[in-house]
Amino acid sequence: MIVVTGATGNVGTSLVRLLAQDPDVTGVRGLARRVPDLGPDRVKWSRVDLASEQADLVKEFEGADAVVHLAWAFRPTHVPVATWGTNVLGSIRVFDAVAAAEVPTLVHASSVGAYSPGPGDHTVDESWPTHGWPDAAYTREKAYLERTLDAFEYRHPAIRVVRMRPAFLFKRESASEQRRIFGGRFLPGPLARPELLPFLPDVKGLRVQALHTDDAARACQLAVHGAARGAFNLAADPPLDAAMLGELLGTRPVRLPRTAARSAIAAAWGLRLLPASPHLFDAVLRLPLMDCTRAHTELGWTPRRTATEVLEEFLRGLQEGAGAGTAPLQGRKVG
């Protein structure tokens, strides 16, 4: 039996679907704050809030062959103590319950955001330092949990710990959720059309990697069944920058100074018009590009979609107000 925290989110819905169809999995238990009315067969749901000290996670984990910890809160970005309570303290509760319930395998969703600023001229493997970018809550929390897991593995060497460090994750069904998280509730998805973009802002140094959520879920599935432990970078080629996005959208990139871009984001965030903070923008500019060789060789994992295909699918979902039948992924079209 496999337990999945954050089972109704972007990655969770993909992983639960895969595990429910997996003949080598006897059952799946999905944990979430708001459980869906329906779900895949062979999936049992539990209403659990990781931020609550009253959550009986040991009971939820008893008898599990593995726990895949995906739960994460991105908001409220103006109240970092709130996300710390869910993401850091909640994760520590998960780790402690895994040990108390004697679960043999823990798969934790870390992130490229856990990495220290990159070298810029070459990719990095899993040995690159994971100190994050201290000014952004997201990267600070991801890095803190890397240190927490270092201590956890030292205290519990019999538990196999796998840390997934994926790039930005997208799928069609996540479009409405990610629009709300990063662009705000009132950003019209239909505006994500090439003909409505007179130009594409090109900020120096802004180059990121992407991955389809289903591909990240497959990596977690492989980790559950295998014997590998440690960290694994997950990303698809090619890296995305303004030139590639401009070619994809048929829009001309125009260089925009970093200070101008950051000032605009800071103003919108300060007025609570934009959920994504300028601190996260600073962190994204410093992210390294990841080398995924270890995932290919040790997990036997290869992404099935290119980063370009991922972005095309996501943009279509954004225009259509796509979503899924869970509270986090609820579809909604604005405008």
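This is a predicted model: local features need pLDDT of at least 70, side-chain atom pairs count only at pLDDT 80 or more; totals for chains, interfaces and linings use all residues.
Q: Nice, and which kind of peptide bond joins R75 and P76?

A: A cis one, with omega at about 5 degrees. In general, most peptide bonds are trans.

Q: What about D237 and P238, cis or trans?

A: The bond from D237 to P238 is cis too, and its omega is near -5 degrees. P238 belongs to strand β11, which covers residues 236-240.

Q: Let's switch to the sheet. What's the strand order?

A: Reading across, β3-β2-β1-β4-β5-β6-β10, which makes an open sheet of 7 strands with parallel pairing.

Q: Which strands are at the edges?

A: Those are β3 (43-47) and β10 (230-234), and each of them pairs on one side only.

Q: And how many degrees does the twist average from one strand to the next?

A: It averages 20 degrees.

Q: Which strands does helix α3 touch?

A: Helix α3, residues 80-100, packs on the sheet and touches β4 (66-69) and β5 (105-109). The direction of α3 makes about 175 degrees with that of β4.

Q: And α4, which strands does that one touch?

A: Helix α4 (residues 137-155) also packs on the sheet, and its partners are β5 and β6. The angle between the direction of α4 and that of β6 is about 165 degrees.

Q: New topic: α7 and α11. At what angle do they pack?

A: About 55 degrees, with the axes 12 Å apart. Here α7 is residues 242-249 and α11 is residues 307-320. That angle makes α7 oblique to α11.

Q: Is the crossing left-handed or right-handed?

A: Right-handed, as α7 passes α11.

Q: Which residues meet there?

A: From α7 you have M244, L245, L248 and L249, and they meet T308, L311, E312 and L315 of α11. Sorted by class, this contact has 6 nonpolar, 1 polar and 1 charged residues.

Q: How exposed is R42?

A: Partly exposed, because its relative accessibility is 36%.

Q: And E102, where is that?

A: In the loop between α3 and β5. E102 is another non-glycine residue with a positive phi, near 60 degrees. With a relative accessible area of 68%, E102 is exposed.

Q: Last one: T130. Buried or exposed?

A: Buried, because its relative accessibility is 5% and the cut-off for buried is under 20%. T130 lies in the loop between β5 and α4.

Q: What is T130 in contact with, leaving aside its neighbours within four places in sequence?

A: With A114, Y115, S116, A143, E146, R147 and R165.

Note on methods. Residues are numbered from 1 along each chain as its sequence is written. Side-chain values use heavy atoms; hydrogens and water are left out. Two strands pair if DSSP finds at least two bridges between them. Helices (H or I, at least four residues) and strands (E, at least two) are DSSP runs, numbered from the N terminus. Axes are lines fitted to C-alpha atoms, for helices over the stretch in contact, and angles run from 0 to 180 degrees between N-to-C directions. Contact means heavy atoms within 4.5 Å. Angles under 35 degrees count as roughly parallel, over 145 as roughly antiparallel, 65 to 115 as roughly perpendicular and the rest as oblique. A crossing is left-handed if the near helix is turned anticlockwise from the far one by less than a right angle, and right-handed if clockwise. Ala, Val, Leu, Ile, Met, Phe, Trp, Tyr, Cys and Pro count as nonpolar, Asp, Glu, Lys and Arg as charged, and the others, Gly among them, as polar. Buried means under 20% relative accessible area, exposed over 50%, partly exposed in between (1.4 Å probe, protein chains only).
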